[in-house]
Every structure is written in C-alpha cells, then in structure tokens.
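Please look over the sequence and structure first.

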Amino acid sequence: MDLGMSERVKPLVEKVRRMVEDEIAPLDVEFHAEVGRHPSGDRFRHTERQLEILDGLKAKARERGLWNFWLTGSDKGYGLSTVEYAYLAEEMGKVGIAAEVFNCNAPDTGNMEVLERYGDGWMKDRWLTPLLAGEIRSAYVMTEPGTASSDAAQLAFTARRDGDEFVLNGEKWWISGAGDPRCALYILMACTDPDAAKHARHTMFVMDADTPGIEVLRPMQVFGQDDAPHGHMHIRFTDVRVPARNIVLGEGRGFEVAQGRLGPGRIHHCMRAIGQAEKALEMMCRRGMAREAFGKRIIELGANYDIIANARMEIEMARLLCLKAAWMMDTAGVRAAQPWISKIKVVAPLMAGKVVDEAMQLHGAAGISQDFGLAGMWTHIRTLRFADGPDAVHRRQVARAELRKYSNDRG
C-alpha cells in the first residue's frame with residue numbers, strides 16, 4: 001500500500017502550494033470583503049472586482065496546467081490517482097476560493113463526475129464541456145425539508161411522467177451553489193415510482209437552472225450567515241416540465257448515480273478539511289510564538305505545548321486514514337471503499353474542528369472575529385459534519401460493515 005507522494009505529483013503539489021500561498025491567499029481576503037457590494041444590493045451577485053479576481057486567477061491556473069486535477073480514470077482529467085489528488089486537495093483546502101481557481105470545487109466536481117461517468121453525449125456537450133472549462137457553475141439538488149434526507153431512499157420529491165416529459169413538484173433545500181448567478185445546471189434526484197423496490201424508486205435528472213417553474217425561496221443561513229455569493233438555497237418546483245431524455249443513466253437508477261457521485265465528493269471534502277487543519281495549526285504556532293502574556297510567550301503558557309503536539313498527531317492520523325480511503329477507491333472501487341470513506345468522513349471534520357477551535361482559543365477574542373478567518377473556517381468544518389451525511393449515518397455504516405464479519409456467530 002503506497003500512500004506516499006508520487007514523483008509525478010510532487011512538482012504539482014509545490015506549484016499549487018506556491019500559487020495558493022503567494023497569489024490566491026492575498027486575494028481571498030479581498031474577494032470576501034466584496035460580498036454584498038454589488039450595485040443591485042443582491043449579495044449573491046458578484047461584483048466586478050470579485051469576477052476579476054476569480055477569472056484572473058483561473059486564467060493563470062489554466063496557463064500553468066493546474067486544472068481539473070480531481071477527475072481520475074478519464075482522458076478529460078489530469079491522469080492522477082485519488083491518492084495523488086489527496087495531496088493537492090489538501091493544499092487547496094487552506095484558502096476559501098482556491099478550489100475554484102483550479103476548477104476542483106464542490107459541488108461542480110461531483111456534478112462533472114456524474115456527467116462524465118453516466119451522462120449521454122448531448123448532456124456532456126451542453127454542460128460538461130463548459131463546466132470543465134470553468135465557464136459555468138452547477139448545483140446538486142437532493143436534500144428535502146420534509147424528510148430525513150440522510151436516508152436517500154425515502155426522498156419524496158415527485159417526478160410524474162406525462163408523455164415524453166416528467167412533471168416535477170416539491171421543495172428542496174441546502175442546495176449549495178444555487179444562489180450563484182453563474183449556476184446553469186441542476187442535477188436533481190426525484191421519486192418516480194414510490195412503489196418500486198427501495199433503491200429503485202428514484203431517478204436522477206439534469207436540467208437548466210432557469211427552467212420555468214423553479215423558484216428560489218431563500219438562502220439557508222449557516223450559523224446566522226448566508227454564505228454569499230455561493231449560498232445554500234431553499235427552492236420550490238411547481239409543475240416543472242423536464243424531457244424524459246434528461247434522465248441520467250436510466251429511470252429508477254437515481255440511487256446508483258447518487259452513490260457513485262457522493263463517494264468521491266465525501267473524500268474530497270475530507271482532503272480539504274485536513275488542509276484547513278494544517279492552516280489552523282500553522283496560525284496557532286505563529287500566534288503563540290509572537291505574542292506574550294504574563295511575561296512569557298503564549299506558547300509557553302498553560303497546556304499549549306500539549307495542545308500543539310496533539311493537533312500535529314491527530315492531523316497525521318487523519319491524513320493517513322484519508323489516504324487509505326483514497327487508496328481503496330483507486331484499487332477496489334467506490335463501493336468497496338465506502339466503509340473507509342465513512343470512517344474518514346467522521347474523523348476528518350471532527351479532527352479539523354478541534355484543531356481550529358484550539359487555534360481560535362489561542363488567538364483570544366480575535367480568533368472569533370473576522371480578522372483571522374478562523375471563525376469562518378470553524379463554521380465550514382462544523383457544517384461539513386452534516387454535508388453528504390451526518391456523523392451518525394456514517395458511524396452506522398462503519399458499524400454495519402464491522403458486524404458483518406460476525407454474521408455467522410451464534411454466541
């Protein structure tokens with residue numbers, strides 16, 4: 001099991017690290033300071049300066065060949081393994097807009113994966129090509145306000161066949177990226193046959209984001225913040241008509257598509273979370289070495305040596321588990337890797353949240369302010385414990401996989 005950085009990816013990691021630290025990080029602060037400054041007053045519309053920042057950085061990344069690292073097993077991607085990509089994703093996780101600069105941002109990576117793996121040719125021409133070029137954004141429309149959406153088999157949003165079309169009705173929420181005016185594609189999971197077998201009730205559809213009958217009701221707030229200009233929207237569909245040819249893979253195969261999409265997406269989140277933990281630990285060390293209180297450097301007070309040592313050890317353990325989950329994906333496939341993905345999906349956000357929390361504490365009141373970015377980092381990491389399935393669901397999957405080893409016991 002080789003989990004080390006390959007010779008192929010080492011120079012890429014260094015190039016990405018340098019661009020993130022030297023070019024993206026300084027502009028990330030300015031980008032977020034621009035939120036809400038559009039002349040229209042719409043917080044989800046980018047200002048000219050925000051688009052200038054994004055488009056300028058993306059152009060540099062493409063010119064340098066630092067683009068679409070995430071797509072494994074495809075001639076449209078970079079040709080990297082998931083283990084190799086893990087090291088790159090960690091670097092991108094350290095700065096908010098970095099993933100988009102390299103066209104490796106959620107939810108677009110997962111949606112591009114769906115189109116690449118399962119989409120018809122015309123779907124790829126219409127949406128995958130501009131997504132791979134970073135020209136449009138997309139949203140994954142799955143979670144519902146009226147059901148416990150961690151059990152995807154009970155999603156109730158309906159799609160009723162009417163001749164050569166399906167009519168969609170219902171509400172979806174926490175739809176990340178749907179607030180972005182550049183969002184041009186929705187990939188949506190709907191119940192097409194409630195009487196079918198549990199995992200054959202649902203179908204995945206693709207559609208233009210501006211299809212008639214779609215109404216964005218509100219942005220969902222995350223700890224009191226609307227997360228503009230990205231956003232997580234609450235959306236209503238009223239008699240939305242979608243051609244039957246917009247079905248992905250086949251009617252009743254939505255659960256299969258969802259599982260194929262969410263496996264890589266979950267591990268990508270964890271890779272970036274490890275990067276955020278590394279950034280928080282760096283900030284903690286620098287702050288502790290630079291500030292004094294009670295006649296000593298802060299680092300020498302209380303249990304700060306132990307806190308930093310534990311943070312380093314926990315980051316290393318989480319990284320190794322993440323790399324093993326990535327290795328399982330590369331060698332055994334997404335299905336066999338699911339228990340490992342569930343393990344890291346619990347471990348990485350818990351670890352990163354703890355490290356960020358300690359960094360906030362060491363920064364004092366400034367740690368929860370807007371000045372250091374730690375508060376926003378903590379909010380994102382805490383939210384990640386719900387995204388793509390809450391902790392309890394992933395622990396359940398891990399426990400079930402463990403118990404299967406003893407299914408023949410009668411003791």
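A residue counts as buried when its relative accessible area is under 20%. The model described here is predicted.

## Helix H7

Helix H7 runs over residues 254–290. Of its 37 residues, 29 are buried, so by the cut-off of under 20% the helix is mostly covered.

At 1.5 Å a residue, a helix of 37 residues should span 54 Å, and the end C-alpha atoms of H7 are 53 Å apart, which agrees. H7 has a kink of about 25 degrees at Leu 262, shortly before the proline Pro 264.

## Annotated domain

An unreviewed UniProt entry carries the annotation "domain: Acyl-CoA dehydrogenase/oxidase C-terminal" for residues 252–401. Over residues 252–401 the chain is 78% helix and 3% strand, with end C-alpha atoms 26 Å apart.

## Nonpolar cores

The largest nonpolar core has 94 residues, of which Ile 24, Phe 69, Tyr 85, Leu 88, Met 92, Phe 102 and Val 355 touch the most other members. H7 gives the largest share of this core, 14 residues. Another core, of 26 residues, lies apart from it and includes Val 141, Ala 159, Leu 188 and Met 207.

Leaving aside residues up to four places away in sequence, Met 92 touches Val 16, Phe 69, Tyr 85, Ala 98, Ala 99, Phe 102 and Cys 104.

## Cysteines

How many disulfides are there? With sulfur atoms required to lie within 2.5 Å, the count is zero. For Cys 104, the nearest cysteine sulfur is that of Cys 322, 15 Å away. Cys 104 is buried, with a relative accessible area of 0%.

The sulfur of Cys 183 is 18 Å from the closest cysteine sulfur, in Cys 104, which is too far for a bond. Cys 183 is buried, with a relative accessible area of 11%.

Note on methods
Residues are numbered from 1 along each chain as its sequence is written. This is a predicted model: local features need pLDDT of at least 70, side-chain atom pairs count only at pLDDT 80 or more; totals for chains, interfaces and linings use all residues. Side-chain values use heavy atoms; hydrogens and water are left out. Helices (H or I, at least four residues) and strands (E, at least two) are DSSP runs, numbered from the N terminus. The expected span of a helix is 1.5 Å times one less than its number of residues. The bend at a residue is the angle between axes fitted to the seven residues ending there and the seven starting there. Buried means under 20% relative accessible area, exposed over 50%, partly exposed in between (1.4 Å probe, protein chains only). A nonpolar core is a set of buried Ala, Val, Leu, Ile, Met, Phe, Trp, Tyr and Cys residues joined through side-chain atoms within 4.5 Å. Contact means heavy atoms within 4.5 Å. UniProt positions are given in the numbering used here, feature names are shortened, and annotations may be inferred rather than shown by experiment.
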